[in-house]
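Keep the sequence and the 3D view open as you go.

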Amino acid sequence: MTDQELKDLVASLAVKSEKLDAQMAKTDAKLDRLSEMYGGVSSNLGSAAEEFFFNTLTANPEVGGITFDRVTPNVMPATKTKQGEFDIVMVNGSSVAVIEVKYKVHPSDIEKTTQNLKRYREFYPEHKNYKLYGGIAGFSVPADAAHAAKAQGLFVLKRVGQVLKTDAKDMRAFQ
């Protein structure tokens with residue numbers, strides 16, 4: 001290979017490298033947009049599940065035969081050194097129920113939920129003598145996740161049956 005051929009080869013490789021860098025930058029930008037969109041969808045699904053279970057428990061604040069006086073969504077306690085997040089907290093004069101809500105519950109969510117329960121007492125020492133119950137709620141709760149939750153002493157809430165409210169006041173037959 002002559003010196004000129006070598007120079008031409010290096011020059012062509014440099015041009016190709018620049019083109020590849022530009023393509024990679026475009027690909028990174030597309031991936032960032034997709035990631036943002038996916039995060040938005042995931043967040044929306046989680047918010048929909050939380051709203052559903054909050055509304056349902058507000059309408060009927062009872063779990064396992066225990067009636068609760070307050071149902072509070074998105075409880076976010078914090079101290080100078082730590083912060084927490086509890087999707088739904090239900091309280092009466094002697095009991096607390098802390099519920100972790102997922103769109104779809106996975107077995108790995110169960111351990112996180114039990115760890116989160118332990119943290120509840122750290123944030124709310126005034127409830128130290130209350131019975132503390134934990135639950136997992138989801139639009140989809142596969143059998144293995146439900147079994148894992150029950151094995152840890154958690155209650156399981158899932159969406160089934162009559163979940164529609166129909167407004168047919170202005171309904172009419174079309175020709």
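Contact here means heavy atoms within 4.5 Å. This is a predicted model, where local features need pLDDT of at least 70, side-chain atom pairs count only at pLDDT 80 or more, and totals for chains, interfaces and linings use all residues. Residues are numbered from 1 along each chain as its sequence is written, and side-chain values use heavy atoms, with hydrogens and water left out.

Q: In what order do the elements of the chain run from the N terminus on?
A: Helices (H or I, at least four residues) and strands (E, at least two) are DSSP runs, numbered from the N terminus. The chain has three helices and seven strands. Their order is α-β-β-β-β-β-α-β-α-β.

Q: Is Asn-116 buried or exposed?
A: Asn-116 sits in helix 2. Leaving out residues up to four places away in sequence, Asn-116 touches Glu-85, Phe-86 and Glu-100. Buried means under 20% relative accessible area, exposed over 50%, partly exposed in between (1.4 Å probe, protein chains only). At a relative accessible area of 14%, Asn-116 is therefore buried.

Q: Which elements give two or more residues to the lining of the largest cavity?
A: On a 1 Å grid over the protein atoms alone, a cavity is a set of points where a 1.4 Å probe fits but cannot get out; lining residues have an atom within 4 Å of a point. The largest cavity is lined by Phe-86, Asp-87, Val-98, Ile-99, Glu-100, Thr-113, Asn-116 and Leu-117. Two or more of these residues come from each of strand 4 (86-91), strand 5 (95-104) and helix 2 (107-123).

Q: What volume does the largest cavity have?
A: Grid points are joined across faces, edges and corners, and a volume is the space filled by probe spheres set on the points. The structure holds one cavity of 30 Å³ or more. The volume of the largest cavity is about 50 Å³.

Q: What is the phi of Asn-74?
A: Asn-74 lies in strand 3 (residues 70-75). Its relative accessibility is 40%, so Asn-74 counts as partly exposed. Asn-74 touches Glu-50, Phe-86 and Asp-87, not counting residues up to four places away in sequence. Although Asn-74 is not a glycine, its phi is positive, at about 50°.

Q: How far apart in space are Asn-74 and Glu-50, C-alpha to C-alpha?
A: In sequence, Asn-74 and Glu-50 are 24 residues apart. In space, the C-alpha to C-alpha distance is 8.7 Å.

Q: Which residue stands opposite Val-156 in strand 7?
A: Two strands pair if DSSP finds at least two bridges between them. Strand 6 (residues 131-140) and strand 7 pair in the parallel sense over four bridges. Opposite Val-156 stands Ile-136.

Methods: 1 Å grid on protein atoms, 1.4 Å probe; cavity = no way out; pocket = protein on both sides within 12 Å on 5 of 7 lines; lining within 4 Å.
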